[in-house]
Every structure is written in C-alpha cells, then in structure tokens.
Amino acid sequence: MNTLENKRIIICGKGGSGKSSFASMMGKALCSKNYSVILVDGDASNPGGLLRLATGSKDAPIPLIEFFGGREKVTCPTDDPAPLTRLFDSVPLIEQPIDLSEIPDKYYIAKENLFLFQVGKIQTSCEGCDGPMSKINRDLFIKGNYVTLIDVEAGIEHFGRGVEENVDAIIIMVDPTFESLDVAEQVINLSKLFEIEQVWAVLNKIDSEESESFMMKELKKRNVLVIGKINLDKNISKAGLEGKQIGECEALKQTELIVKKLESVFSLSWN
Ligand SMILES: Nc1ncnc2c1ncn2[C@@H]1O[C@H](COP(=O)(O)OP(=O)(O)OP(=O)(O)O)[C@@H](O)[C@H]1O
Ligand SMILES: [Mg+2]
C-alpha cells in the first residue's frame, strides 16, 4: 500500500494564503504518483476556485449536501454532532464508507484518477450557516484506497465545528504575512486537542531568502514545523486570474517534493 492511501488531509490557513492553489497542485502531484485522489472543495463561501484550478472545468458538480438530503437531513455539527449517514440509512459513513459507485457522477468532476467534490455553497441570503457543509468535510469517507484532500474555509472556524475529528494530517499554508504566522500558531494549538500528530506548515509565495528566513524563525518560535516551500510563481497567479487549471510549473515541482516528504514522515510514524 502506498503510504498516503486512506489518509484524510486538511489544507487550511489564513484567507488567500494559497490553500486552493496548493490543494489542486497536491492533487495533481499525488495523481502523478499513481494515487487516486478525492479532492473536496470544503469551502462554502468561495464559488469555484478549486474546481477550476484542479480540473479546468467551469461546470460545477451538484453539491454533496444535496446527495445527503440537504439541510433538512444534514445538520450543523455544533448543534448536532450526530454522524453523517446515507440518506436512507442510519449507519455512519465513518463505519461504513460510501462506495464511489453509489454516488451518481453529477456529484463530482473526474479528471484521470482525481475526483473533485463540492460540499455545497452558500447561495441565498439567510439560508443558514455553513455548518452542515462542515459535517460533510468531517465525515466524508469514501471506500477504497484514496487520499482525501479537504480544502477548508479560511481561518480556524473548521476547528470550532470539529472537522479535524477524522483527519490524519493538517497542512497549514503560510504566506508572507504576520497574520498567516499567527493563524499557523492557532492551528498548532487547536490541533493538539484532536491529538493529530502530522501538522505541517507550507511556506507559500516566497519571493526572497530574507522573507523565508524571517518566516522560518517566527514559525520556530511558535512551534510550527515546516514541511516545504512554494515560491511565488506567476503560473499560479495567471491560472487563478484566467480561471484555468494550474499546469506544469516550478511550484508543482516543489509540491511534488512536499508530497515525498509527507510520505516519508508518515512511513516513519508507523515504525
Ligand atoms: N505560490 C504562489 N505564487 C503566486 N501566486 C499565488 C501562489 N499561491 C497562491 N497564489 C495566488 O494567491 C491568491 C490566493 O490563492 P488561493 O485562492 O489559492 O488561496 P486560498 O487560501 O484558497 O484563498 P481563500 O481563503 O479565498 O480560499 C490567488 O490569486 C492565487 O493565484
Ligand atoms: Mg480557497
């Protein structure tokens, strides 16, 4: 078995730090190592960045919340921690993961061995909070040897909703801002409550040795471990601007190194 199979990995960080860009590159990097990937757009407030960056598609899949019965069935985990189940079944997905063949293909976009889902998007005023979508982030277990990557909303609200209950690793995107360093520290502290061992920062948008070494120093003070870095890369901003898929670029190669490092830390943690 490949080391990252069956792992659920959350990608979090300050708003605009590069979560969606990195999640799409990591999906691509994993696929090129022959992993099969479930890529979850778990951010209810941004319209479709991850979808375009990861697949190039402009046609969104039907949100997963509809598959699970909508807001009437899927409740906010802070009001009701009950686990997510199939619509006409009471067995939690965490106990009996759902097979991809049970989910009609209108609920995902497939690109080679990557399957992109959107948990749901806030569409209308006063429709309610995005808690139900968080429950899907928390409890979406798909049968098979997938790596599940979850691109969550900015900041740390996902911790408040307990999304981290079922994750194996957290990646914190840290861009060159003080705010980003502080969010990373908060994530480290909150992740201790969930006893998650693999919590790593990725430095993003690095454009000078000076800012990199400042960030490394500040993160060390905050007990945040760094697994790798991605330079400021105009291929990423261009893809983001034009609404296109991120293609081959230096940043993708740096992402491949991060995937390799993640595989090695997971294999070490088994010994
Ligand atoms: N390494 C990079 N080099 C250049 N631009 C980047 C890099 N990473 C991200 N960006 C740009 O930064 C902006 C924010 O990136 P992205 O949407 O991936 O962040 P995010 O954390 O998902 O944002 P949000 O909090 O809104 O979900 C985009 O314009 C993107 O193109
Ligand atoms: Mg995003």
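The model is predicted, so local features need pLDDT of at least 70 and side-chain atom pairs count only at pLDDT 80 or more, while totals for chains, interfaces and linings use all residues. Side-chain values use heavy atoms, without hydrogens and water.

I start with the site. Ligand 1 has 19 residues around it, and the closest include Lys-19, Ser-21 and Asp-233; a residue counts here if one of its heavy atoms lies within 4 Å. Helix α1, strands β7 (198-206) and β8 (226-231) and helix α9 (234-242) each supply at least two residues of that shell. The most come from α1, with 3 residues. Helices (H or I, at least four residues) and strands (E, at least two) are DSSP runs, numbered from the N terminus.

Next, the polar atoms. A backbone N or O atom of Asp-233 is 2.8 Å from a nitrogen atom of ligand 1, and one of Asn-231 is 3.0 Å from a nitrogen atom of the ligand. From Lys-205, a polar side-chain atom lies 2.9 Å from a ligand oxygen atom. On its own, ligand 1 has 630 Å² of accessible area, and the protein covers 79% of that (Shrake-Rupley method, 1.4 Å probe).

Now Ser-21, which sits in helix α1, residues 19-32. Is Ser-21 buried or exposed? Ser-21 is buried, because its relative accessible area is 17%, and buried means under 20%, with a 1.4 Å probe and protein chains only. Beyond its neighbours within four places in sequence, Ser-21 contacts Leu-53, Ile-236 and Ile-246 (heavy atoms within 4.5 Å).

Notes
Residues are numbered from 1 along each chain as its sequence is written. Chains are lettered from A and ligands numbered from 1 in the order in which they are written. Buried means under 20% relative accessible area, exposed over 50%, partly exposed in between (1.4 Å probe, protein chains only). A polar contact is a pair of N or O atoms within 3.5 Å; within protein, one must be able to donate a hydrogen and the other to accept it, and residues adjacent in sequence count only if both atoms are side-chain atoms.
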